[in-house]
Amino acid sequence: MRMLNQLKVNNKIKKSHILFIGSLLVFVGIIILSSNYFLRMRDEVYSDMKISMMDVDSNTGEETKIVSDVKPAENIVSNNSETKNYEVDYSKYLGVLEIPKIGLKRGFYNVDNRYNNIQYNVTMVRGSNLPDVYQGNLILMAHSGDAYISYFAYLYRLNIGDNVYVTYNGVKYHYNIVNIYNVPKSGALRLIRNHEKTTLTMITCTKNDDYSQTVYISELVE
């Protein structure tokens with residue numbers, strides 16, 4: 001009789017342990033699902049938000065507001081790893097961005113073109129300047145990640161001193177990267193550059209960081 005009672009007690013203890021572990025697993029599952037949901041919600045908010053840009057002179061601290069209607073860049077993950085190889089007609093673009101170190105060659109459109117959209121292409125920010133504008137700043141944005149539209153996926157491999165080229169109106173402009181820095185993904189972005197230099201700025205989401213973007217400042221080689 002005593003042994004039977006002991007077995008019943010042991011069974012109750014085992015059941016309570018199983019219930020506890022089961023409840024713990026359910027709780028952990030809810031936390032994971034909730035975090036994924038809120039991350040998706042956050043990404044949707046950022047994808048709908050416009051960027052407020054301030055062009056800051058690194059010498060004087062003077063700020064100039066840039067009117068931007070471009071959505072923030074993101075890390076885009078794709079389940080489709082297929083890569084299509086085909087000839088690109090670069091004549092249809094306003095300009096072409098080339099970065100030999102990472103094998104990037106991609107055209108971009110005028111700001112008023114329907115395809116000047118970060119969901120389709122490397123995007124020129126409204127309020128930036130074309131390469132032939134003295135002491136101007138051409139600002140380009142694109143997604144990072146592993147989707148087919150992640151044209152800036154390998155910018156993280158660049159270093160200060162690396163070469164960047166932009167072909168516009170039959171002229172190939174040569175830039176050197178002079179500064180790389182991160183900014184919070186908050187909808188406001190400070191472009192810190194020397195206003196006495198003709199500049200190219202590239203912006204994309206920071207690798208392995210969902211909360212910041214990386215800014216690459218390049219200056220025209222005289």
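## A buried arginine and its partner

In this predicted model, Arg193 counts as buried, because its relative accessibility is 6%, below the 20% under which a residue is called buried. Arg193 forms a salt bridge with Asp55, and the closest N and O atoms of the two are 3.0 Å apart.

The structure holds five salt bridges, and another of them joins Glu63 to Arg190, with the closest N and O atoms 2.6 Å apart. Because Glu63 lies in strand E2 (residues 63–66) and Arg190 in strand E11, this pair ties together parts of the chain that are 127 residues apart in sequence. Glu63 counts as partly exposed at 42% relative accessibility, and Arg190 is also partly exposed, with a relative accessible area of 40%.

A salt bridge is also formed between Asp162 and Lys101, whose closest N and O atoms are 2.9 Å apart. Here the linked parts are two loops, with Asp162 between strand E8 (144–145) and E9 and Lys101 between E4 and E5, at positions 61 residues apart. Asp162 is buried, with a relative accessible area of 15%, whereas Lys101 counts as partly exposed at 47% relative accessibility.

## The eight-stranded sheet

Eight strands form an open sheet of mixed pairing, in the order E5-E4-E9-E10-E13-E12-E7-E6. The edges are strand E5 (104–108) and E6, each of which pairs on one side only. Within the sheet, strand E4 (residues 95–99) and strand E9 (residues 163–168) pair in the antiparallel sense over four bridges, and Glu98 has Tyr165 in E9 as its bridge partner.

Strand E13 (residues 212–220) contains Gln213, which counts as buried at 3% relative accessibility. The C-alpha atoms of Gln213 and Val183 are separated by 5.4 Å, although the two residues are 30 residues apart along the chain.

## Ser128 in the loop between E6 and E7

Ser128 lies in the loop that runs between strand E6 (123–124) and strand E7 (137–141), and this serine is buried, with a relative accessible area of 16%. A polar atom of the Ser128 side chain lies 2.6 Å from the backbone oxygen of Val125. When its neighbours within four places in sequence are left aside, Ser128 is in contact with Asn137, Leu138 and Ile139.

Definitions and conventions
Residues are numbered from 1 along each chain as its sequence is written. This is a predicted model: local features need pLDDT of at least 70, side-chain atom pairs count only at pLDDT 80 or more; totals for chains, interfaces and linings use all residues. Side-chain values use heavy atoms; hydrogens and water are left out. Buried means under 20% relative accessible area, exposed over 50%, partly exposed in between (1.4 Å probe, protein chains only). A polar contact is a pair of N or O atoms within 3.5 Å; within protein, one must be able to donate a hydrogen and the other to accept it, and residues adjacent in sequence count only if both atoms are side-chain atoms. Contact means heavy atoms within 4.5 Å. Two strands pair if DSSP finds at least two bridges between them. A salt bridge is a side-chain nitrogen of Lys or Arg within 4 Å of a carboxyl oxygen of Asp or Glu.
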